[in-house]
Amino acid sequence: MSSTRIDTETLRRLPKAVLHDHLDGGLRPATVVELAEAVGHTLPTTDPDELAAWYVEAANSGDLVRYIATFEHTLAVMQTREGLLRTAEEYVLDLAADGVVYGEVRYAPELNTRGGLTMREVVETVQEGLAAGRAKAAAAGTPVRVGTLLCGMRMFDRVREAADLAVAFRDAGVVGFDIAGAEDGFPPADHLDAFAHLRRENVPFTIHAGEAHGLPSIHQALQVCGAQRIGHGVRITDDIVDGKPGRLAGWVRDRRIALEMCPTSNLQTGAAISIAGHPVTALKDLGFRVTLNTDNRLVSGTTMTREMSLLVEQAGWTVEDLRTVTVNAVKSAFLPFDERNALLRDVVLPGYASAL
Ligand SMILES: [Zn+2]
């Protein structure tokens with residue numbers, strides 16, 4: 001199928017898997033407005049359309065630190081049980097509407113404790129909201145599997161606490177761990193204690209690395225901390241010359257380490273300059289295990305369907321390419337092997353077979 005013939009509805013229907021999507025970056029604008037009113041938080045505007053535009057505009061700063069600052073207005077409405085239940089439920093329904101069949105949602109529970117909830121209560125509440133969303137999506141005939149990644153904020157001191165919760169909730173829907181927040185100046189090895197604990201407990205984790213900072217950050221995440229996947233990792237291209245991977249890039253490709261790539265988000269933070277030139281295409285063509293992700297749907301004004309559409313229109317991707325990155329994501333999901341196989345066999349491959 002030629003790339004120009006893939007219409008948006010076809011893309012929307014393709015089964016998708018997203019490994020890198022932040023709960024607090026994916027709220028519905030109208031929900032932010034309603035919840036903000038309920039808790040007395042002042043927003044830049046109370047018109048949902050204007051608010052959606054404000055997020056994207058504010059996040060288009062070319063700077064990761066300023067991009068992260070926009071989250072103040074989503075986190076403000078995620079400090080109560082009601083706010084967390086609603087945003088978690090809607091999160092799942094929005095994935096279902098986007099054709100996602102497997103999603104890993106991530107968030108840092110330490111950022112939701114300003115209203116008096118403990119980190120443990122935050123995790124329990126989010127799991128409850130996700131379960132409600134899953135039940136509704138299944139009842140509507142669009143079942144979605146959802147796994148949770150708990151994050152620690154790399155610039156604060158509660159990373160180990162979040163890691164302990166990932167271990168505690170491993171049989172209650174939490175499938176892994178991550179560290180988020182400003183990358184520059186906060187290397188992953190600052191949190192070796194947490195990562196060593198997760199390894200001892202056999203809990204898998206990914207690390208945001210190689211987005212704002214380069215190869216040393218990726219190297220440390222993999223070889224010092226022991227990450228099984230890399231969040232973003234766009235700077236791995238610094239270790240590829242004329243299509244030939246150096247030692248670190250070779251390790252990433254040879255070991256089949258998934259790179260959770262988020263093209264639109266990378267344009268906003270300045271980690272990439274165009275969709276056409278985004279490293280995801282070259283890395284895919286070189287056989288790296290690249291995956292396609294949204295990062296923050298509200299803040300980046302995007303969906304999985306839109307990310308796919310951009311690559312089709314601006315980087316010449318075909319349905320086969322979209323299938324490749326979807327299969328990659330399922331293979332590297334933090335799910336048991338038999339469940340990944342079943343998802344591929346019963347859902348993903350039949351979905352692409354009918355589109356090809
Ligand atoms: Zn992220």
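Reply: Happy to! One idea to begin with: contact means heavy atoms within 4.5 Å. Keep in mind that this is a predicted model.

Me: Which elements do the buried residues of helix 7 pack against?

Reply: They pack against helix 6 (81–97), strand 2 (100–107), strand 3 (145–153), helix 8 (159–168) and strand 4 (174–180). A residue counts as buried under 20% relative accessible area. In helix 7 the buried residues include Met-119, Val-122, Val-123, Leu-130 and Gly-133.

Me: How many residues does helix 7 have, and what span does it reach?

Reply: Helix 7 covers residues 119–139, which is 21 residues, and reaches 30 Å from its first C-alpha to its last, close to the 30 Å expected. Just after the helix, Gly-141 takes a positive phi of about 85°.

Me: At what angle do helix 7 and helix 8 pack?

Reply: The angle is about 45°, and the axes are 10 Å apart. Angles under 35 degrees count as roughly parallel and 65 to 115 as roughly perpendicular, so helix 7 is oblique to helix 8. Their crossing is right-handed. Met-119, Arg-120 and Val-123 of helix 7 meet Glu-161, Ala-162, Leu-165 and Ala-168 of helix 8. Five of these contact residues are nonpolar, none polar and two charged.

Me: And on the helix 6 side, is Val-92 buried or exposed?

Reply: Val-92, which lies in helix 6, is buried, with a relative accessible area of 0%. Among the residues it touches are Leu-130, Gly-133 and Val-146.

Notes. Residues are numbered from 1 along each chain as its sequence is written. This is a predicted model: local features need pLDDT of at least 70, side-chain atom pairs count only at pLDDT 80 or more; totals for chains, interfaces and linings use all residues. Side-chain values use heavy atoms; hydrogens and water are left out. Helices (H or I, at least four residues) and strands (E, at least two) are DSSP runs, numbered from the N terminus. The expected span of a helix is 1.5 Å times one less than its number of residues. Buried means under 20% relative accessible area, exposed over 50%, partly exposed in between (1.4 Å probe, protein chains only). Axes are lines fitted to C-alpha atoms, for helices over the stretch in contact, and angles run from 0 to 180 degrees between N-to-C directions. Angles under 35 degrees count as roughly parallel, over 145 as roughly antiparallel, 65 to 115 as roughly perpendicular and the rest as oblique. A crossing is left-handed if the near helix is turned anticlockwise from the far one by less than a right angle, and right-handed if clockwise. Ala, Val, Leu, Ile, Met, Phe, Trp, Tyr, Cys and Pro count as nonpolar, Asp, Glu, Lys and Arg as charged, and the others, Gly among them, as polar. Lists of a residue's contacts leave out its neighbours within four places in sequence.
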